[in-house]
Amino acid sequence: MDIQRIEDWGLGLSTPLLISGPCSAESPEQVMETAKGVAQHGTGILRAGIWKPRTRPNSFEGVGTIGLKWLKAAGKETGIPVCTEVANVKHVYEALRAGIDIMWVGARTTTNPFAVQEIADALEGVDVPVMVKNPISPDLKLWIGAMERLQNAGIKKIAAIHRGFAFYGESKYRNKPQWEIPIELKRHYPQLQVICDPSHICGRRDILAAVSQKAYDLNFDGLMLESHPNPDKALSDAKQQVTPTGLGAIMSGLVRRDPQAHDPQEMSRLESFRELIDDIDYQLIDTLASRMKVVREIGKYKRDKNITILQADRWNEIIRDRLDQGTPKGLSEDLLTEILQLVHKESIRHQTKIMNEGKEVKKGVEENKEG
Ligand code: PEP
Ligand code: MN
């Protein structure tokens, strides 16, 4: 991807960037009051949703086009560039006509390639920055795909927003962060800047500061935090919004750590730790390779003796035994279980291959997950 960084968007922005403002624009006064409040706490971009994608109908779906004027006025008063969510071609045209500085594509829209393509087509030939939220589901390719569609339409000013992923069941989060996904995104596209949106990850005020700090420690390029003069009375996302003063308290409590050590003594200490980690990783790789070698031998044995690959009792026993071994050493059950499941899946794959050696195997069943 050919990406222009936030600092080069021509809007006087710097990183770490703070994007703040209400979940939804509700009235001219509410937008202005929030803007003036958050301007005191280092806000680089003012946000407000004008068209709101709500999970269920008959909830507040945004004030519509009129809100664009309120947002622009607040931007003018505070001297801060403004952004809003666009979800279809009409939104794009109206936002462009109103002179909105930056657009963002929301999580529900990123999920739908048709919708993203329409937005990209509408933006062809326009030099406006677009921020792309992750799709609702933990699908990195879909997130990347949305940014590629914009790139293909000539948009270079792109940033990603990590707002967490939907899940079924209980959690302290509204959307699970699954930090490994934005980290993987960064690994693929080091030049792409990623902003974290703790508001939609948390869904509640009390853990915003901790998630913001975590984002800083993972070297995210900024934060999007929703704010409202009277959060409890907000027409959308009331539980997660903070007052401008609350925003100030979160921001002043954050520690921005250096992504790199500078002092030569510290650097060499870090270097020696990294060498240790490298060695241990190589040992892990050798150990895994030896394990797979044995697995293949077992596979041949099972094939020759006509024994099934999976034996549920043995697999249960392995999990129980390895948890007993690992947990006293400080390894979490989650980590051990996930690793064992991955290793087991790979073992089954090797053994299936051996079982089927010499037979015609239908290709493409495993690879074809992309759709
Ligand atoms: C929002 O930013 O208010 C919003 C609707 O976010 P998301 O698309 O992340 O749900
Ligand atoms: Mn919101």
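Helix axes are lines fitted to C-alpha atoms over the stretch in contact, and the angle between two of them is taken between N-to-C directions, from 0 to 180 degrees. The exercises below use this convention on a predicted model.

**Exercise 1. Describe the packing of helix α5 against helix α6.**

Solution. 
1. Locate the elements: α5 covers residues 113-123 and α6 covers residues 140-152.
2. Take the geometry: the two axes come within 8 Å and cross at roughly 25°.
3. Classify the angle. Angles under 35 degrees count as roughly parallel, so α5 is roughly parallel to α6.
4. Sort them by class: the contact has seven nonpolar residues, one polar and one charged.

**Exercise 2. Describe the packing of helix α9 against α10 in the same terms.**

Solution. 
1. Helix α9 spans residues 208-217, and its axis lies 10 Å from that of α10.
2. The packing angle is about 40°.
3. An angle under 35 degrees would count as roughly parallel, and roughly perpendicular begins at 65; α9 is therefore oblique to α10.
4. α9 passes α10 in a right-handed crossing.
5. On the α9 side the contact uses Leu-208, Ala-209, Ser-212, Gln-213 and Tyr-216, which meet Ile-250, Met-251 and Gly-253 of α10.
6. By class there are five nonpolar and three polar residues in this contact, and no charged ones.

**Exercise 3. Which residues coordinate the manganese ion (ligand 2), and where do His-200 and Asp-237 lie?**

Solution. 
1. Name the donors: Cys-23 through SG, His-200 through NE2, Glu-226 through OE and Asp-237 through OD.
2. Their distances to the manganese ion run from 2.1 to 2.4 Å.
3. Write the spacing of the donors along the chain: C-x176-H-x25-E-x10-D.
4. His-200 is in helix α8 (residues 198-202), while Asp-237 is in the loop between β8 (222-226) and α10 (244-253).
5. The two residues are 37 residues apart, and the pair links distant parts of the chain.

**Exercise 4. Is Val-38 buried or exposed, and which residues does Val-38 touch?**

Solution. 
1. Val-38 belongs to helix α1 (residues 28-39).
2. Its relative accessible area is 0%, so Val-38 is buried.
3. Leaving out residues up to four places away in sequence, Val-38 touches Ser-20, Thr-43, Leu-46, Ser-227, Pro-244 and Leu-247.
4. Consider Ser-20: its C-alpha atom is 6.8 Å from that of Val-38, with the two residues 18 apart along the chain.

**Exercise 5. Where does Asp-221 lie, and what does Asp-221 touch?**

Solution. 
1. Asp-221 sits in the loop between α9 and β8.
2. Its relative accessibility is 9%, so Asp-221 counts as buried.
3. Apart from residues up to four places away in sequence, Asp-221 touches Arg-5, Thr-15, Pro-16, Leu-17, Lys-186, Leu-192, Gln-193, Val-194 and Ile-195.

**Exercise 6. Summarise the protein chain as a whole.**

Solution. 
1. Count the elements: 13 helices and eight strands.
2. State burial: 42% of the 371 residues count as buried.
3. Among contacts with a separation of 6 or more, 72% join residues 24 or more positions apart.

Terms used: Residues are numbered from 1 along each chain as its sequence is written. Chains are lettered from A and ligands numbered from 1 in the order in which they are written. This is a predicted model: local features need pLDDT of at least 70, side-chain atom pairs count only at pLDDT 80 or more; totals for chains, interfaces and linings use all residues. Side-chain values use heavy atoms; hydrogens and water are left out. Donors are N, O and S atoms within 2.8 Å of the metal (3.2 Å for Na, K and Ca); water is not among the atoms, so sites may look incomplete. Helices (H or I, at least four residues) and strands (E, at least two) are DSSP runs, numbered from the N terminus. Angles under 35 degrees count as roughly parallel, over 145 as roughly antiparallel, 65 to 115 as roughly perpendicular and the rest as oblique. Ala, Val, Leu, Ile, Met, Phe, Trp, Tyr, Cys and Pro count as nonpolar, Asp, Glu, Lys and Arg as charged, and the others, Gly among them, as polar. Buried means under 20% relative accessible area, exposed over 50%, partly exposed in between (1.4 Å probe, protein chains only). Contact means heavy atoms within 4.5 Å. A crossing is left-handed if the near helix is turned anticlockwise from the far one by less than a right angle, and right-handed if clockwise.
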